[in-house]
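Hi everyone, thanks for coming. I'd like to walk you through one model today, so please have a look at it with me.

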Amino acid sequence: MNNIKVHLESLNIHFGKTHAVKDISMDFPENSVTAIIGPSGCGKSTMLRSLNRMHDLVPSARVSGKVLLDNDDVYGKGVDPVGIRRRVGMVFQKPNPFPAMSIYDNVVAGYKLNSRMVRSEADDIVESCLKRVALWDEVKDRLKANAMTLSGGQQQRLCIARTIAVKPEVILMDEPASALDPISTLKIEELIEELKERYTIIIVTHNMQQAARVSDYTAFLYMGDLIECGETKKIFTTPEQKQTEDYITGRFG
């Protein structure tokens with residue numbers, strides 16, 4: 001098993017009186033893909049967003065327990081959430097390129113926020129990140145075009161390029177292919193497979209076939225509880241919990 005990149009210890013998340021994530025402890029190994037599965041409303045995205053402190057932006061949210069990134073407590077005293085979000089990037093369900101910007105400017109937007117850059121450096125970052133998400137050949141002749149001229153699948157790969165431009169260590173993906181057609185979905189899945197060589201990837205998906213295809217490890221959440229987690233092959237073939245088996249075989253959810 002790879003080294004542990006992210007470790008959760010008694011993670012609880014409340015929104016007002018709603019207890020959305022209940023006392024979850026688990027590990028996310030480095031340079032691997034972990035899928036979080038479970039029915040709608042079970043706390044998958046809520047748990048995912050706690051890993052880079054996105055709930056700080058929600059007034060009613062309260063997070064307790066520990067989220068350790070390389071043994072650094074993400075919620076520790078004096079920890080800068082912006083610094084955490086640099087280390088832990090996020091790709092959302094719906095592609096969200098910056099609408100008033102070109103393809104080129106979208107890729108370097110996050111990087112520019114964090115450091116001064118010269119033009120040649122920006123050019124290198126744009127080319128290498130677009131190549132890494134297999135988009136360079138499709139857009140290299142129109143880098144100044146508005147990002148919104150791209151197809152949905154291309155926009156999502158552009159968002160992934162923007163995420164990796166700031167050199168994160170972990171990439172969170174919240175149902176990254178649910179708004180895409182089957183061909184674009186396949187491209188995103190192939191990309192995930194390649195990206196795990198450099199990054200630790202945690203993906204929320206409602207698509208169990210996708211979880212089985214792309215992930216090394218799977219965690220099954222139900223009603224805010226972690227029912228079971230382990231190697232994907234084992235979870236999908238010989239789960240230990242009856243609830244996991246019932247969900248995977250389509251008996252509920």
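I'll go through the sheets, then a helix pair, and then a few individual residues.

A word on the source: this is a predicted model, where local features need pLDDT of at least 70, side-chain atom pairs count only at pLDDT 80 or more, and totals for chains, interfaces and linings use all residues. Residues are numbered from 1 along each chain as its sequence is written, and side-chain values use heavy atoms, with hydrogens and water left out.

Four strands form it in the order 2-1-4-5, with antiparallel pairing. Its edge strands are strand 2 and strand 5 (72-73), each of which pairs on one side only. For the terms: helices (H or I, at least four residues) and strands (E, at least two) are DSSP runs numbered from the N terminus, and two strands pair if DSSP finds at least two bridges between them.

Strand 1 (residues 4-15) and strand 2 (residues 18-29) run antiparallel and are joined by eight bridges. Within that pairing, Leu11 sits opposite Ile24 of strand 2.

Since we've touched on phi, here is some background: most residues other than glycine have a negative phi. Asn31 is partly exposed, at a relative accessible area of 31%; the cut-offs are buried under 20% relative accessible area, exposed over 50%, and partly exposed in between, with a 1.4 Å probe and protein chains only. Asp70, in the loop between strand 4 and strand 5, also isn't a glycine and has a positive phi of about 50°. Asp70 counts as partly exposed too, at 33% relative accessibility.

Next, strand 6 (residues 88-91), which pairs with strand 7 (residues 170-174) in the parallel sense over four bridges. Met90 stands opposite Leu172 in strand 7. Is strand 6 covered on one face or on both? On both: Val88 and Met90 on one side, and Gly89 and Val91 on the other, are all buried.

Phe92 is partly exposed at 23% relative accessibility. Leaving aside residues up to four places away in sequence, Phe92 touches Arg49, Met54, Gln156, Asp174 and Pro176, where contact means heavy atoms within 4.5 Å.

Finally, the helix pair. Helix 4 (residues 119-132) and helix 6 (residues 152-165) pack at about 125°, with axes 9 Å apart. Axes here are lines fitted to C-alpha atoms, for helices over the stretch in contact, and angles run from 0 to 180 degrees between N-to-C directions. So helix 4 and helix 6 are oblique to each other: under 35 degrees is roughly parallel, over 145 roughly antiparallel, 65 to 115 roughly perpendicular, and the rest oblique. On the helix 4 side, Ile125, Cys129, Leu130 and Arg132 meet Leu158, Ala161, Ile164 and Ala165 of helix 6.
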